[in-house]
Amino acid sequence: MKTAKVFSAVLLAFLFFASTAVFAQTEKGKIIVDVDFGLHLGATELDDDLDTEVDHSKFDTELFTGYMVIDNLLVAAVLKVESNSVDIENEYYKAKTSESLFMAGAHARYIFMPENKLRPYVGVTAMFGTDKEEAGEVETKHGIFHIGLDGGAIYWVNERFGIDGGYRLSKISHSSDDANAEDRTDMDSMQHSLTLGAIFSF
């Protein structure tokens with residue numbers, strides 16, 4: 001009973017602080033740090049005579065560190081690390097492909113409804129980086145250019161901390177590091193992704 005009373009008191013104090021804090025996190029001059037995470041796990045069974053199974057996983061982390069140049073407009077530097085893995089297996093064949101990406105660039109975001117705890121936003125991101133793919137003993141490297149448009153919302157729990165969730169549409173261009181390579185492969189791809197993370201204001 002005593003534990004329940006203490007827990008209730010702590011919860012009420014937290015809710016009171018969250019509801020009475022001054023929500024000026026996105027005013028000019030604030031420093032913003034945003035960390036977003038993405039995870040995808042999946043399995044596919046191909047419709048073939050060998051019952052081939054394909055397992056794939058993807059994990060990525062993005063770090064935004066920026067400055068509110070005017071009220072509600074964030075300009076930030078961004079770093080992204082991504083890891084992908086694909087396993088293909090059937091009765092006669094087994095293979096694993098792994099891919100690691102590192103990108104860096106710039107991000108701009110406009111945040112709406114400055115007086116609310118829940119604030120929608122739209123943004124654009126441009127990044128350059130490298131992509132290394134390994135399949136058995138074969139290693140391939142590519143240069144990457146990434147351009148993304150995103151939209152979402154931030155829920156500010158209190159004056160310093162919020163939860164950030166959104167959707168992003170990205171175009172990623174891969175180009176071989178070796179312009180003279182016989183197996184040079186340049187390609188563009190479109191990606192749709194959901195993001196979830198934590199945001200801090202200082």
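Student: What makes glutamate 82 and lysine 80 a salt bridge?

Tutor: Their side chains meet at 3.5 Å, N to O. The term asks for a side-chain nitrogen of Lys or Arg within 4 Å of a carboxyl oxygen of Asp or Glu, so the pair qualifies. Before we go on: this is a predicted model, where local features need pLDDT of at least 70, side-chain atom pairs count only at pLDDT 80 or more, and totals for chains, interfaces and linings use all residues. Residues are numbered from 1 along each chain as its sequence is written, and side-chain values use heavy atoms, with hydrogens and water left out.

Student: Are glutamate 82 and lysine 80 buried or exposed?

Tutor: Buried means under 20% relative accessible area, exposed over 50%, and partly exposed in between (1.4 Å probe, protein chains only). Glutamate 82 has 5%, so it counts as buried. Lysine 80, at 7%, is buried too.

Student: What does arginine 109 do with the rings of phenylalanine 64 and tyrosine 121?

Tutor: Arginine 109 lies over the face of phenylalanine 64, 5.6 Å from the ring centre. Its charged end also sits over the ring of tyrosine 121, at 4.3 Å from the centre. The label needs NZ of Lys or CZ of Arg within 6 Å of the ring centre and within 35 degrees of the ring normal.

Student: What does the salt bridge of arginine 168 and glutamate 62 tie together?

Tutor: The closest N and O atoms of arginine 168 and glutamate 62 are 2.7 Å apart. Arginine 168 is in strand 7 and glutamate 62 in strand 2, so the bridge links parts that are 106 residues apart in sequence. Both arginine 168 and glutamate 62 are buried.

Student: Why is the pair of tyrosine 110 and phenylalanine 112 called edge-to-face?

Tutor: Rings of Phe, Tyr and Trp (its six-membered ring) pair if their centres lie within 6.5 Å; planes under 30 degrees apart count as stacked, over 60 as edge-to-face and the rest as tilted. That rule gives three aromatic pairs. Tyrosine 110 and phenylalanine 112 are 5.0 Å centre to centre with 70 degrees between the planes, hence edge-to-face. Tyrosine 110 is partly exposed at 34% relative accessibility, and phenylalanine 112 is partly exposed at 35%.

Student: Why is the pair of phenylalanine 128 and phenylalanine 145 tilted?

Tutor: The ring centres of phenylalanine 128 and phenylalanine 145 are 4.9 Å apart and the planes make 45 degrees, so the pair is tilted. Phenylalanine 128 sits in strand 5 (residues 118-135) and phenylalanine 145 in strand 6 (residues 138-156), so parts 17 residues apart in sequence are tied together. Phenylalanine 128 has 56% relative accessibility and counts as exposed, whereas phenylalanine 145 is partly exposed at 31%.

Student: What is isoleucine 172 in contact with, leaving aside its neighbours within four places in sequence?

Tutor: Contact means heavy atoms within 4.5 Å. The partners of isoleucine 172 include Ile144, Phe145, His146 and Met187. Isoleucine 172 is in strand 7 (residues 161-176), and its relative accessible area is 4%, so it is buried.

Student: How many helices and strands does the protein chain have?

Tutor: One helix and eight strands, in the order α-β-β-β-β-β-β-β-β from the N terminus. Of the 202 residues in the protein chain, 31% are buried.

Key:
Helix = DSSP H or I, 4+ residues; strand = E, 2+ residues; numbered from the N terminus.
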